[in-house]
Amino acid sequence: MRWIFFIQKLNQVLVERGLAIESQSMLIAVSGGQDSACLFQAIRILCPFWKWNLAIVSCDHAWFDRKSKSCSQISQLAWYSRIKYYQSITPRRVIGEAKARSWRYESFARIGKAHNYSQIFTGHTASDRAETLLYTIFRGSSQGGLSSLSWQRKLAFGVFLSRPMLTITRSQSTAICKKENFCITLDPSNQRYEWHRGRIRRRILPYLRRYFNPKADQMLCQLAELAHAEACYLTALCKNLEFKFCLQNFVCLPVSLQRRLLSFYFKREKIRQTFFCIELVRFSIFS
(Lines give C-alpha, C1' and ligand atoms only; values in the text may rest on other atoms or scores of the structure.)
Protein backbone atom coordinates (compact mmCIF):
# COMPACT_ATOMS: atom_id res chain seq x y z
CA MET A 1 0.00 0.00 0.00
CA ARG A 2 1.33 3.42 -0.98
CA TRP A 3 1.57 6.11 1.70
CA ILE A 4 -0.85 8.49 -0.03
CA PHE A 5 -3.45 5.72 -0.34
CA PHE A 6 -3.07 4.94 3.36
CA ILE A 7 -3.77 8.58 4.29
CA GLN A 8 -6.79 8.69 1.98
CA LYS A 9 -8.13 5.43 3.42
CA LEU A 10 -7.65 6.65 6.99
CA ASN A 11 -9.45 9.91 6.25
CA GLN A 12 -12.30 7.99 4.60
CA VAL A 13 -12.68 5.80 7.70
CA LEU A 14 -12.78 8.88 9.96
CA VAL A 15 -15.60 10.36 7.88
CA GLU A 16 -17.64 7.19 7.29
CA ARG A 17 -17.35 5.89 10.87
CA GLY A 18 -17.77 9.31 12.50
CA LEU A 19 -14.63 8.80 14.58
CA ALA A 20 -13.57 12.45 14.53
CA ILE A 21 -15.01 15.92 14.19
CA GLU A 22 -13.48 19.21 13.12
CA SER A 23 -11.52 21.29 15.67
CA GLN A 24 -11.47 18.41 18.15
CA SER A 25 -8.88 17.93 20.88
CA MET A 26 -7.39 14.45 20.62
CA LEU A 27 -4.61 12.26 21.95
CA ILE A 28 -2.65 9.83 19.78
CA ALA A 29 -1.45 6.77 21.68
CA VAL A 30 2.08 6.11 20.41
CA SER A 31 3.99 3.00 21.47
CA GLY A 32 6.91 3.37 19.10
CA GLY A 33 5.88 0.42 16.91
CA GLN A 34 5.06 0.45 13.20
CA ASP A 35 1.29 0.76 13.65
CA SER A 36 1.31 3.82 15.92
CA ALA A 37 4.11 5.37 13.82
CA CYS A 38 1.91 5.17 10.70
CA LEU A 39 -1.08 6.51 12.61
CA PHE A 40 0.83 9.47 14.05
CA GLN A 41 2.41 10.52 10.74
CA ALA A 42 -0.92 10.26 8.91
CA ILE A 43 -2.87 12.17 11.59
CA ARG A 44 -0.21 14.90 11.59
CA ILE A 45 -0.71 15.35 7.84
CA LEU A 46 -4.52 15.43 8.17
CA CYS A 47 -4.42 17.79 11.17
CA PRO A 48 -4.42 21.14 9.23
CA PHE A 49 -7.49 20.07 7.25
CA TRP A 50 -9.44 18.96 10.33
CA LYS A 51 -8.01 21.73 12.58
CA TRP A 52 -7.36 19.30 15.42
CA ASN A 53 -5.61 20.06 18.68
CA LEU A 54 -3.16 17.16 18.84
CA ALA A 55 -1.12 15.63 21.64
CA ILE A 56 0.80 12.38 22.10
CA VAL A 57 0.39 9.94 24.99
CA SER A 58 2.56 6.91 25.76
CA CYS A 59 2.48 4.35 28.57
CA ASP A 60 5.38 2.59 30.27
CA HIS A 61 4.42 -0.69 31.98
CA ALA A 62 7.93 -1.06 33.46
CA TRP A 63 8.31 -4.40 31.67
CA PHE A 64 11.61 -3.69 29.88
CA ASP A 65 14.35 -1.07 29.91
CA ARG A 66 13.93 -0.84 26.15
CA LYS A 67 10.38 0.47 26.65
CA SER A 68 11.72 3.40 28.69
CA LYS A 69 14.11 4.19 25.82
CA SER A 70 11.16 4.02 23.43
CA CYS A 71 9.22 6.54 25.55
CA SER A 72 12.26 8.82 25.45
CA GLN A 73 12.27 8.62 21.64
CA ILE A 74 8.54 9.35 21.54
CA SER A 75 9.02 12.44 23.73
CA GLN A 76 11.73 13.64 21.33
CA LEU A 77 9.35 13.04 18.40
CA ALA A 78 6.72 15.17 20.13
CA TRP A 79 9.28 17.92 20.80
CA TYR A 80 10.46 18.02 17.18
CA SER A 81 6.84 18.00 15.97
CA ARG A 82 5.92 20.78 18.45
CA ILE A 83 3.12 18.67 19.88
CA LYS A 84 2.24 18.28 23.56
CA TYR A 85 3.37 15.03 25.15
CA TYR A 86 1.91 13.06 28.07
CA GLN A 87 3.51 10.00 29.59
CA SER A 88 2.02 7.58 32.11
CA ILE A 89 4.45 5.44 34.12
CA THR A 90 3.16 2.75 36.44
CA PRO A 91 4.45 2.99 40.04
CA ARG A 92 4.86 -0.78 40.05
CA ARG A 93 5.25 -3.35 37.30
CA VAL A 94 1.92 -4.39 35.74
CA ILE A 95 1.76 -8.18 35.35
CA GLY A 96 -0.42 -9.71 32.66
CA GLU A 97 -1.87 -8.56 29.34
CA ALA A 98 -5.39 -7.87 30.66
CA LYS A 99 -4.19 -5.82 33.64
CA ALA A 100 -1.80 -3.87 31.43
CA ARG A 101 -4.57 -3.03 28.98
CA SER A 102 -6.89 -1.97 31.81
CA TRP A 103 -4.16 0.26 33.27
CA ARG A 104 -3.48 1.86 29.86
CA TYR A 105 -7.14 2.67 29.30
CA GLU A 106 -7.47 4.11 32.81
CA SER A 107 -4.43 6.28 32.10
CA PHE A 108 -5.91 7.45 28.79
CA ALA A 109 -9.21 8.32 30.46
CA ARG A 110 -7.50 10.16 33.33
CA ILE A 111 -5.30 12.24 31.03
CA GLY A 112 -8.17 12.90 28.64
CA LYS A 113 -10.47 14.18 31.40
CA ALA A 114 -7.75 16.21 33.11
CA HIS A 115 -6.65 18.01 29.94
CA ASN A 116 -9.94 18.10 28.00
CA TYR A 117 -9.13 15.60 25.25
CA SER A 118 -12.35 13.98 24.05
CA GLN A 119 -10.77 11.46 21.67
CA ILE A 120 -7.89 8.98 21.95
CA PHE A 121 -6.66 7.31 18.76
CA THR A 122 -4.83 3.98 18.96
CA GLY A 123 -2.97 2.08 16.23
CA HIS A 124 -4.90 -1.19 16.51
CA THR A 125 -5.02 -2.91 13.13
CA ALA A 126 -6.99 -5.68 11.43
CA SER A 127 -4.26 -8.07 12.61
CA ASP A 128 -4.86 -7.05 16.24
CA ARG A 129 -8.58 -7.58 15.75
CA ALA A 130 -7.96 -11.04 14.27
CA GLU A 131 -5.72 -11.98 17.21
CA THR A 132 -8.33 -10.80 19.70
CA LEU A 133 -11.06 -12.76 17.91
CA LEU A 134 -9.02 -15.99 18.03
CA TYR A 135 -8.20 -15.43 21.69
CA THR A 136 -11.88 -14.93 22.62
CA ILE A 137 -12.85 -18.06 20.65
CA PHE A 138 -10.29 -20.15 22.54
CA ARG A 139 -11.63 -18.76 25.83
CA GLY A 140 -15.16 -19.84 24.93
CA SER A 141 -16.54 -16.33 24.63
CA SER A 142 -20.09 -15.37 23.65
CA GLN A 143 -21.03 -13.47 20.49
CA GLY A 144 -20.46 -10.22 22.37
CA GLY A 145 -16.88 -11.28 23.03
CA LEU A 146 -16.32 -12.02 19.34
CA SER A 147 -17.09 -8.39 18.55
CA SER A 148 -14.30 -7.01 20.74
CA LEU A 149 -11.90 -4.39 19.39
CA SER A 150 -14.72 -2.38 17.86
CA TRP A 151 -14.18 0.94 16.09
CA GLN A 152 -14.91 3.00 19.18
CA ARG A 153 -15.51 2.56 22.91
CA LYS A 154 -16.29 4.89 25.78
CA LEU A 155 -13.54 5.23 28.40
CA ALA A 156 -15.14 7.87 30.60
CA PHE A 157 -17.76 10.60 30.40
CA GLY A 158 -16.89 12.61 27.30
CA VAL A 159 -13.76 10.57 26.54
CA PHE A 160 -13.73 7.99 23.73
CA LEU A 161 -11.10 5.60 22.39
CA SER A 162 -11.16 5.09 18.62
CA ARG A 163 -9.35 2.63 16.35
CA PRO A 164 -9.28 4.09 12.82
CA MET A 165 -6.76 1.53 11.43
CA LEU A 166 -8.92 -1.60 11.66
CA THR A 167 -8.93 -1.93 7.86
CA ILE A 168 -5.10 -2.02 7.71
CA THR A 169 -3.04 -5.14 8.42
CA ARG A 170 0.25 -5.17 10.33
CA SER A 171 2.17 -6.26 7.23
CA GLN A 172 0.86 -3.20 5.38
CA SER A 173 1.88 -0.79 8.14
CA THR A 174 5.31 -2.46 8.34
CA ALA A 175 5.82 -2.05 4.59
CA ILE A 176 4.85 1.63 4.80
CA CYS A 177 7.29 2.29 7.65
CA LYS A 178 10.14 0.67 5.71
CA LYS A 179 9.35 2.58 2.52
CA GLU A 180 8.88 5.95 4.26
CA ASN A 181 11.80 5.40 6.68
CA PHE A 182 9.72 6.00 9.81
CA CYS A 183 11.62 5.57 13.05
CA ILE A 184 10.15 2.60 14.96
CA THR A 185 11.03 0.68 18.11
CA LEU A 186 10.19 -3.01 18.40
CA ASP A 187 8.30 -3.95 21.57
CA PRO A 188 9.96 -7.02 23.17
CA SER A 189 6.62 -8.07 24.72
CA ASN A 190 5.28 -8.88 21.24
CA GLN A 191 7.95 -11.55 20.83
CA ARG A 192 7.15 -13.45 24.05
CA TYR A 193 5.65 -16.90 23.43
CA GLU A 194 4.54 -17.36 27.04
CA TRP A 195 1.81 -14.76 26.49
CA HIS A 196 -1.34 -15.80 24.67
CA ARG A 197 -1.29 -12.96 22.16
CA GLY A 198 2.36 -13.62 21.36
CA ARG A 199 1.65 -17.27 20.51
CA ILE A 200 -1.33 -16.33 18.36
CA ARG A 201 0.66 -13.61 16.59
CA ARG A 202 3.86 -15.61 16.03
CA ARG A 203 2.53 -19.14 15.55
CA ILE A 204 -1.19 -19.52 14.85
CA LEU A 205 -1.88 -16.63 12.44
CA PRO A 206 1.20 -17.32 10.27
CA TYR A 207 0.07 -20.97 10.06
CA LEU A 208 -3.45 -19.93 8.99
CA ARG A 209 -2.06 -17.52 6.38
CA ARG A 210 0.25 -20.18 4.92
CA TYR A 211 -2.00 -23.25 4.89
CA PHE A 212 -5.58 -21.92 4.84
CA ASN A 213 -5.93 -18.35 3.56
CA PRO A 214 -3.28 -15.66 2.84
CA LYS A 215 -5.88 -13.09 3.85
CA ALA A 216 -6.76 -14.77 7.16
CA ASP A 217 -6.40 -11.45 9.04
CA GLN A 218 -8.97 -9.71 6.85
CA MET A 219 -11.40 -12.66 6.96
CA LEU A 220 -11.27 -12.85 10.77
CA CYS A 221 -11.63 -9.08 10.98
CA GLN A 222 -14.70 -9.30 8.74
CA LEU A 223 -16.19 -11.94 11.05
CA ALA A 224 -15.60 -9.65 14.04
CA GLU A 225 -17.34 -6.79 12.22
CA LEU A 226 -20.40 -8.95 11.45
CA ALA A 227 -20.52 -10.22 15.04
CA HIS A 228 -20.34 -6.66 16.37
CA ALA A 229 -23.27 -5.48 14.24
CA GLU A 230 -25.43 -8.45 15.26
CA ALA A 231 -24.49 -8.10 18.93
CA CYS A 232 -25.47 -4.41 18.88
CA TYR A 233 -28.83 -5.29 17.33
CA LEU A 234 -29.55 -8.06 19.85
CA THR A 235 -28.55 -5.81 22.75
CA ALA A 236 -30.91 -3.04 21.63
CA LEU A 237 -33.69 -5.57 21.12
CA CYS A 238 -33.22 -7.10 24.57
CA LYS A 239 -33.26 -3.70 26.27
CA ASN A 240 -36.76 -3.16 24.89
CA LEU A 241 -37.86 -6.67 25.82
CA GLU A 242 -36.69 -6.28 29.43
CA PHE A 243 -39.61 -3.98 30.20
CA LYS A 244 -42.10 -6.53 28.83
CA PHE A 245 -40.48 -9.56 30.41
CA CYS A 246 -42.74 -12.39 31.60
CA LEU A 247 -42.43 -16.16 31.47
CA GLN A 248 -45.18 -16.53 28.90
CA ASN A 249 -43.40 -14.19 26.49
CA PHE A 250 -39.99 -15.64 27.31
CA VAL A 251 -40.78 -19.16 26.10
CA CYS A 252 -41.95 -17.79 22.74
CA LEU A 253 -38.71 -15.95 22.06
CA PRO A 254 -35.91 -17.30 19.84
CA VAL A 255 -33.18 -19.10 21.75
CA SER A 256 -30.60 -16.37 21.05
CA LEU A 257 -32.84 -13.72 22.67
CA GLN A 258 -33.58 -15.99 25.62
CA ARG A 259 -29.88 -16.36 26.32
CA ARG A 260 -29.22 -12.65 25.86
CA LEU A 261 -32.05 -11.70 28.28
CA LEU A 262 -30.73 -14.10 30.91
CA SER A 263 -27.26 -12.68 30.39
CA PHE A 264 -28.67 -9.18 31.03
CA TYR A 265 -30.32 -10.43 34.22
CA PHE A 266 -27.13 -12.15 35.45
CA LYS A 267 -25.13 -8.99 34.83
CA ARG A 268 -27.66 -6.78 36.63
CA GLU A 269 -27.75 -9.08 39.64
CA LYS A 270 -23.93 -9.43 39.54
CA ILE A 271 -24.12 -13.20 39.03
CA ARG A 272 -21.18 -14.89 37.35
CA GLN A 273 -22.12 -15.69 33.77
CA THR A 274 -21.29 -19.02 32.16
CA PHE A 275 -22.92 -20.84 29.29
CA PHE A 276 -23.75 -23.74 31.62
CA CYS A 277 -25.52 -21.48 34.17
CA ILE A 278 -27.54 -19.67 31.52
CA GLU A 279 -28.63 -22.93 29.91
CA LEU A 280 -29.50 -24.41 33.31
CA VAL A 281 -31.81 -21.46 34.10
CA ARG A 282 -33.28 -21.46 30.61
CA PHE A 283 -34.20 -25.16 30.73
CA SER A 284 -35.59 -24.81 34.26
CA ILE A 285 -38.07 -22.22 32.98
CA PHE A 286 -39.43 -24.70 30.45
CA SER A 287 -39.70 -27.57 32.93
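Tutor: Start with pairing: two strands pair if DSSP finds at least two bridges between them. Helices (H or I, at least four residues) and strands (E, at least two) are DSSP runs, numbered from the N terminus. This is a predicted model, where local features need pLDDT of at least 70, side-chain atom pairs count only at pLDDT 80 or more, and totals for chains, interfaces and linings use all residues. Residues are numbered from 1 along each chain as its sequence is written, and side-chain values use heavy atoms, with hydrogens and water left out.

Student: What makes E1 and E2 a pair, and which way do they run?

Tutor: Five bridges join E1 to strand E2 (residues 53-60). The definition asks for at least two, so the two strands pair. They run parallel. Leu27 stands opposite Ala55 in E2.

Student: How do you know whether E1 is covered on one face or both?

Tutor: Buried means under 20% relative accessible area, exposed over 50%, and partly exposed in between (1.4 Å probe, protein chains only). Five of the five residues of E1 are buried. Ser25, Leu27 and Ala29 sit on one side, Met26 and Ile28 on the other, and both faces are covered. In a regular strand the side chains alternate between the two faces of the sheet.

Student: What makes E5 and E6 a hairpin?

Tutor: Strand E5 (residues 152-156) and strand E6 (residues 159-162) run antiparallel, joined by four bridges. Two residues lie between them. Ala156 stands opposite Val159 in E6. In the turn, Gly158 has a positive phi of about 80°.

Student: Which residues other than glycine have a positive phi, such as Ser23?

Tutor: Most residues other than glycine have a negative phi, and most peptide bonds are trans. Ser23 has a phi near 60°. Ser23 is in the loop between helix H1 (3-17) and E1. Arg82 is another case, with phi near 60°. Arg82 lies in the loop between helix H3 (65-81) and strand E3 (84-89).

Student: Why is Arg82 called exposed?

Tutor: The relative accessible area of Arg82 is 80%. The cut-off for exposed is over 50%, so the label holds for Arg82.

Student: Which residues does the UniProt "binding site" annotation cover?

Tutor: The unreviewed UniProt entry lists Ser31, Gly32, Gly33, Gln34, Asp35 and Ser36. From this set, Gly32 and Ser36 belong to the lining of the second largest pocket. UniProt positions are given in the numbering used here, feature names are shortened, and annotations may be inferred rather than shown by experiment. A pocket is an open set of points on a 1 Å grid over the protein atoms alone, where a 1.4 Å probe fits, with protein on both sides within 12 Å along at least five of seven lines; lining residues have an atom within 4 Å of a point.

Student: Why is Ser31 called partly exposed?

Tutor: Ser31 has a relative accessible area of 37%. That falls between 20% and 50%, so Ser31 is partly exposed. Ser31 is in the loop between strand E1 (25-29) and helix H2 (34-50). Its side chain reaches the backbone nitrogen of Gly33 at 3.4 Å. A polar contact is a pair of N or O atoms within 3.5 Å; within protein, one must be able to donate a hydrogen and the other to accept it, and residues adjacent in sequence count only if both atoms are side-chain atoms.

Student: Why is Gly32 called buried?

Tutor: Gly32 has a relative accessible area of 9%. Under 20% is buried, so Gly32 qualifies. Contact means heavy atoms within 4.5 Å. Not counting residues up to four places away in sequence, Gly32 touches Ser70, Ile74, Cys183, Ile184 and Thr185.

Student: And why is Ser36 called buried?

Tutor: Ser36, in helix H2, has a relative accessible area of 4%. That is under 20%, therefore Ser36 is buried. The side chain of Ser36 reaches the backbone oxygen of Gly33 at 3.4 Å.

Student: Why does Thr132 count as buried?

Tutor: Thr132, in helix H5 (residues 126-138), has 9% relative accessibility. The cut-off is under 20%, so Thr132 is buried. Its side chain reaches the backbone oxygen of Asp128 at 2.9 Å.
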